[in-house]
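Please look at the sequence and the structure below, and keep both at hand while reading the report that follows.

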Amino acid sequence: MTDLSRSALILVDIQNDFLPGGTLAVPDGDSILKAVNALTRRPFRAVVATQDWHPPHHCSFSPQGGPWPPHCVAGTHGADFPDSLRPEPVTHIVRKGVLQERDSYSGFLDNDRATSTGLDGLLKGLDVNHVIICGLALDYCVTATALDAVLCGYQTDVVPDACRGIAGDSRTVLEKLESQGVLLTSLHDF
Ligand code: VGL
Ligand code: ZN
(Lines give C-alpha, C1' and ligand atoms only; values in the text may rest on other atoms or scores of the structure.)
(Ligands and ions follow the chains in the order given, each with its own letter.)
Protein backbone atom coordinates (compact mmCIF):
# COMPACT_ATOMS: atom_id res chain seq x y z
CA MET A 1 0.00 0.00 0.00
CA THR A 2 1.24 3.49 -0.85
CA ASP A 3 2.77 5.51 1.98
CA LEU A 4 0.33 8.38 2.48
CA SER A 5 2.10 10.04 5.41
CA ARG A 6 3.07 13.08 3.29
CA SER A 7 -0.06 12.96 1.11
CA ALA A 8 -3.15 15.12 1.27
CA LEU A 9 -6.51 14.33 -0.25
CA ILE A 10 -8.20 17.40 -1.75
CA LEU A 11 -11.98 17.24 -2.21
CA VAL A 12 -12.87 19.95 -4.69
CA ASP A 13 -16.23 21.71 -4.37
CA ILE A 14 -18.39 18.73 -3.40
CA GLN A 15 -21.33 21.01 -2.55
CA ASN A 16 -25.09 20.86 -2.93
CA ASP A 17 -25.24 23.38 -5.79
CA PHE A 18 -22.95 21.19 -7.92
CA LEU A 19 -25.06 18.08 -7.30
CA PRO A 20 -28.37 17.09 -8.92
CA GLY A 21 -31.03 19.56 -7.74
CA GLY A 22 -28.45 22.34 -7.29
CA THR A 23 -28.30 25.56 -9.32
CA LEU A 24 -25.12 24.52 -11.18
CA ALA A 25 -25.57 20.77 -11.10
CA VAL A 26 -22.81 18.66 -12.63
CA PRO A 27 -24.43 15.79 -14.54
CA ASP A 28 -24.17 12.58 -12.53
CA GLY A 29 -22.23 14.48 -9.85
CA ASP A 30 -23.69 12.46 -6.99
CA SER A 31 -22.25 9.26 -8.43
CA ILE A 32 -18.78 10.20 -7.11
CA LEU A 33 -19.73 10.10 -3.45
CA LYS A 34 -19.22 6.42 -2.89
CA ALA A 35 -15.69 6.62 -4.31
CA VAL A 36 -14.97 9.85 -2.41
CA ASN A 37 -16.12 8.37 0.90
CA ALA A 38 -13.96 5.31 0.26
CA LEU A 39 -10.92 7.53 -0.41
CA THR A 40 -11.43 9.52 2.78
CA ARG A 41 -11.02 6.32 4.80
CA ARG A 42 -7.35 6.11 3.80
CA PRO A 43 -4.69 7.46 6.20
CA PHE A 44 -3.85 10.78 4.55
CA ARG A 45 -1.93 13.40 6.50
CA ALA A 46 -4.76 15.83 5.72
CA VAL A 47 -8.12 15.77 3.98
CA VAL A 48 -8.88 19.25 2.65
CA ALA A 49 -12.32 20.15 1.33
CA THR A 50 -12.47 23.23 -0.88
CA GLN A 51 -15.71 25.17 -0.75
CA ASP A 52 -16.89 27.60 -3.42
CA TRP A 53 -18.17 30.44 -1.23
CA HIS A 54 -19.49 33.48 -3.06
CA PRO A 55 -21.05 36.77 -1.96
CA PRO A 56 -24.73 37.05 -3.10
CA HIS A 57 -23.95 39.23 -6.14
CA HIS A 58 -20.64 37.68 -7.11
CA CYS A 59 -19.00 38.77 -10.39
CA SER A 60 -19.20 35.20 -11.76
CA PHE A 61 -23.03 35.21 -11.64
CA SER A 62 -25.04 35.89 -14.81
CA PRO A 63 -27.02 38.87 -13.38
CA GLN A 64 -23.61 40.52 -12.85
CA GLY A 65 -22.47 39.63 -16.38
CA GLY A 66 -20.60 36.48 -15.36
CA PRO A 67 -20.76 33.04 -16.98
CA TRP A 68 -22.62 31.08 -14.28
CA PRO A 69 -26.03 31.01 -12.67
CA PRO A 70 -25.89 32.11 -9.02
CA HIS A 71 -24.47 29.24 -6.98
CA CYS A 72 -22.72 28.48 -3.69
CA VAL A 73 -23.77 31.72 -2.01
CA ALA A 74 -22.02 31.91 1.35
CA GLY A 75 -24.12 30.51 4.15
CA THR A 76 -26.83 28.96 1.98
CA HIS A 77 -27.82 25.31 1.61
CA GLY A 78 -26.37 25.30 -1.91
CA ALA A 79 -22.93 26.09 -0.51
CA ASP A 80 -23.11 23.36 2.12
CA PHE A 81 -21.48 19.99 1.77
CA PRO A 82 -24.06 17.28 1.06
CA ASP A 83 -25.21 14.97 3.85
CA SER A 84 -23.84 12.12 1.75
CA LEU A 85 -20.25 13.34 2.23
CA ARG A 86 -18.86 11.88 5.45
CA PRO A 87 -17.71 14.97 7.38
CA GLU A 88 -15.49 13.45 10.04
CA PRO A 89 -12.42 12.70 7.88
CA VAL A 90 -12.21 16.32 6.65
CA THR A 91 -9.37 18.01 8.55
CA HIS A 92 -9.40 21.42 6.80
CA ILE A 93 -11.84 23.53 4.79
CA VAL A 94 -10.52 26.11 2.31
CA ARG A 95 -13.01 28.62 0.92
CA LYS A 96 -12.55 30.20 -2.49
CA GLY A 97 -14.25 32.79 -4.67
CA VAL A 98 -14.96 34.77 -1.51
CA LEU A 99 -14.12 38.20 -2.96
CA GLN A 100 -16.83 40.06 -4.87
CA GLU A 101 -14.67 41.02 -7.86
CA ARG A 102 -12.61 37.85 -8.34
CA ASP A 103 -13.44 34.26 -9.14
CA SER A 104 -11.30 31.31 -8.22
CA TYR A 105 -11.58 27.98 -9.99
CA SER A 106 -8.38 26.74 -8.41
CA GLY A 107 -8.25 25.84 -4.75
CA PHE A 108 -4.85 27.56 -4.60
CA LEU A 109 -5.11 30.93 -6.41
CA ASP A 110 -7.83 33.11 -7.91
CA ASN A 111 -8.28 33.31 -11.69
CA ASP A 112 -6.30 36.61 -11.86
CA ARG A 113 -3.44 34.84 -10.05
CA ALA A 114 -3.49 37.72 -7.55
CA THR A 115 -4.68 36.28 -4.24
CA SER A 116 -3.91 32.97 -2.60
CA THR A 117 -6.44 30.94 -0.64
CA GLY A 118 -3.69 29.85 1.74
CA LEU A 119 -3.89 26.22 0.61
CA ASP A 120 -0.26 26.03 -0.52
CA GLY A 121 0.94 27.42 2.80
CA LEU A 122 -1.35 25.06 4.69
CA LEU A 123 0.00 22.01 2.85
CA LYS A 124 3.65 23.13 3.06
CA GLY A 125 3.14 23.70 6.79
CA LEU A 126 1.95 20.11 7.11
CA ASP A 127 5.03 18.87 5.18
CA VAL A 128 2.80 17.51 2.41
CA ASN A 129 4.56 16.76 -0.89
CA HIS A 130 1.87 14.78 -2.70
CA VAL A 131 -1.78 15.61 -3.35
CA ILE A 132 -4.62 13.40 -4.55
CA ILE A 133 -7.46 15.40 -6.07
CA CYS A 134 -11.08 14.52 -6.78
CA GLY A 135 -14.45 16.27 -6.90
CA LEU A 136 -16.44 18.69 -9.06
CA ALA A 137 -16.30 19.94 -11.66
CA LEU A 138 -13.54 18.01 -13.43
CA ASP A 139 -13.29 20.49 -16.33
CA TYR A 140 -13.18 23.63 -14.16
CA CYS A 141 -12.20 23.57 -10.53
CA VAL A 142 -10.60 20.11 -10.40
CA THR A 143 -8.44 20.89 -13.45
CA ALA A 144 -7.44 24.35 -12.19
CA THR A 145 -6.58 22.94 -8.76
CA ALA A 146 -4.52 20.08 -10.22
CA LEU A 147 -2.54 22.36 -12.57
CA ASP A 148 -1.75 24.74 -9.69
CA ALA A 149 -0.72 21.80 -7.51
CA VAL A 150 1.86 20.86 -10.16
CA LEU A 151 3.05 24.49 -10.31
CA CYS A 152 3.33 24.55 -6.51
CA GLY A 153 5.65 21.54 -6.69
CA TYR A 154 3.44 18.70 -5.45
CA GLN A 155 3.36 15.25 -6.92
CA THR A 156 -0.20 15.46 -8.21
CA ASP A 157 -2.71 12.69 -8.77
CA VAL A 158 -6.28 13.01 -10.00
CA VAL A 159 -8.73 10.15 -9.47
CA PRO A 160 -11.05 10.25 -12.53
CA ASP A 161 -13.53 7.78 -10.97
CA ALA A 162 -14.14 10.31 -8.21
CA CYS A 163 -14.65 13.31 -10.55
CA ARG A 164 -17.37 14.44 -12.94
CA GLY A 165 -17.29 17.29 -15.45
CA ILE A 166 -19.87 19.84 -16.57
CA ALA A 167 -19.20 18.97 -20.24
CA GLY A 168 -19.86 15.32 -20.98
CA ASP A 169 -16.55 14.25 -22.54
CA SER A 170 -13.78 14.09 -19.97
CA ARG A 171 -11.20 12.53 -22.28
CA THR A 172 -9.62 15.75 -23.56
CA VAL A 173 -9.50 17.19 -20.04
CA LEU A 174 -7.76 14.09 -18.72
CA GLU A 175 -5.27 14.13 -21.61
CA LYS A 176 -4.45 17.76 -20.86
CA LEU A 177 -3.88 16.97 -17.19
CA GLU A 178 -1.58 14.08 -18.05
CA SER A 179 0.38 16.24 -20.49
CA GLN A 180 0.98 18.73 -17.67
CA GLY A 181 2.42 16.13 -15.32
CA VAL A 182 -0.68 14.99 -13.45
CA LEU A 183 -0.91 11.26 -12.76
CA LEU A 184 -4.34 9.71 -13.31
CA THR A 185 -4.85 7.10 -10.64
CA SER A 186 -7.48 4.57 -9.83
CA LEU A 187 -9.30 4.25 -6.51
CA HIS A 188 -7.67 0.88 -6.02
CA ASP A 189 -4.20 2.46 -5.93
CA PHE A 190 -4.87 3.86 -2.46
C1 VGL B 1 -17.04 25.72 -10.37
C2 VGL B 1 -17.98 27.05 -11.97
C3 VGL B 1 -18.14 28.07 -11.06
C4 VGL B 1 -16.45 24.39 -10.02
C5 VGL B 1 -17.18 26.72 -9.44
O6 VGL B 1 -16.41 24.04 -8.83
O7 VGL B 1 -15.99 23.68 -10.95
N8 VGL B 1 -17.43 25.89 -11.64
N9 VGL B 1 -17.74 27.90 -9.80
ZN1 ZN C 1 -18.28 29.39 -8.33
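In this predicted model, an oxygen atom of ligand 1 lies 3.1 Å from a polar backbone atom of A137. A backbone N or O atom of L136 is found 3.4 Å from an oxygen atom of the ligand, while D52 places a polar side-chain atom 3.1 Å from a nitrogen atom of ligand 1. The table sets these polar contacts side by side.

| Residue | Atom of the residue | Atom of ligand 1 | Distance |
|---|---|---|---|
| D52 | polar side-chain atom | nitrogen | 3.1 Å |
| L136 | backbone N or O atom | oxygen | 3.4 Å |
| A137 | polar backbone atom | oxygen | 3.1 Å |

On its own, ligand 1 has 260 Å² of accessible area, and the protein covers 100% of that area. The residues around the ligand are D13, F18, L24, D52, W68, H71, L136, A137, Y140 and C141.

Two places among these surroundings deserve a careful look at the backbone. Most peptide bonds are trans, and most residues other than glycine have a negative phi. The peptide bond from L136 to A137, however, is cis, with omega near -20°, and A137 sits in the loop between strand 4 (130-136) and helix 3. D13, which belongs to the loop between strand 1 (7-12) and helix 1 (33-39), has a positive phi, near 50°, although D13 is not a glycine.

How do helix 3 and helix 4 pack, and at what angle? Helix 3 (residues 138-151) and helix 4 (residues 171-179) meet at about 5°, their axes being 11 Å apart, and because of this angle helix 3 counts as roughly parallel to helix 4. Helix 3 contributes L138, D139, T143, A146 and L147 to the contact, and helix 4 contributes V173, L174, K176 and L177. Sorted by class, this contact has six nonpolar residues, one polar residue and two charged residues.

Methods
Residues are numbered from 1 along each chain as its sequence is written. Chains are lettered from A and ligands numbered from 1 in the order in which they are written. This is a predicted model: local features need pLDDT of at least 70, side-chain atom pairs count only at pLDDT 80 or more; totals for chains, interfaces and linings use all residues. Side-chain values use heavy atoms; hydrogens and water are left out. Axes are lines fitted to C-alpha atoms, for helices over the stretch in contact, and angles run from 0 to 180 degrees between N-to-C directions. Helices (H or I, at least four residues) and strands (E, at least two) are DSSP runs, numbered from the N terminus. Angles under 35 degrees count as roughly parallel, over 145 as roughly antiparallel, 65 to 115 as roughly perpendicular and the rest as oblique. Contact means heavy atoms within 4.5 Å. Ala, Val, Leu, Ile, Met, Phe, Trp, Tyr, Cys and Pro count as nonpolar, Asp, Glu, Lys and Arg as charged, and the others, Gly among them, as polar. A residue is near a molecule or strand if one of its heavy atoms lies within 4 Å of it. A polar contact is a pair of N or O atoms within 3.5 Å; within protein, one must be able to donate a hydrogen and the other to accept it, and residues adjacent in sequence count only if both atoms are side-chain atoms. Accessible areas come from the Shrake-Rupley method with a 1.4 Å probe; for residues, only the protein chains shown count as cover.
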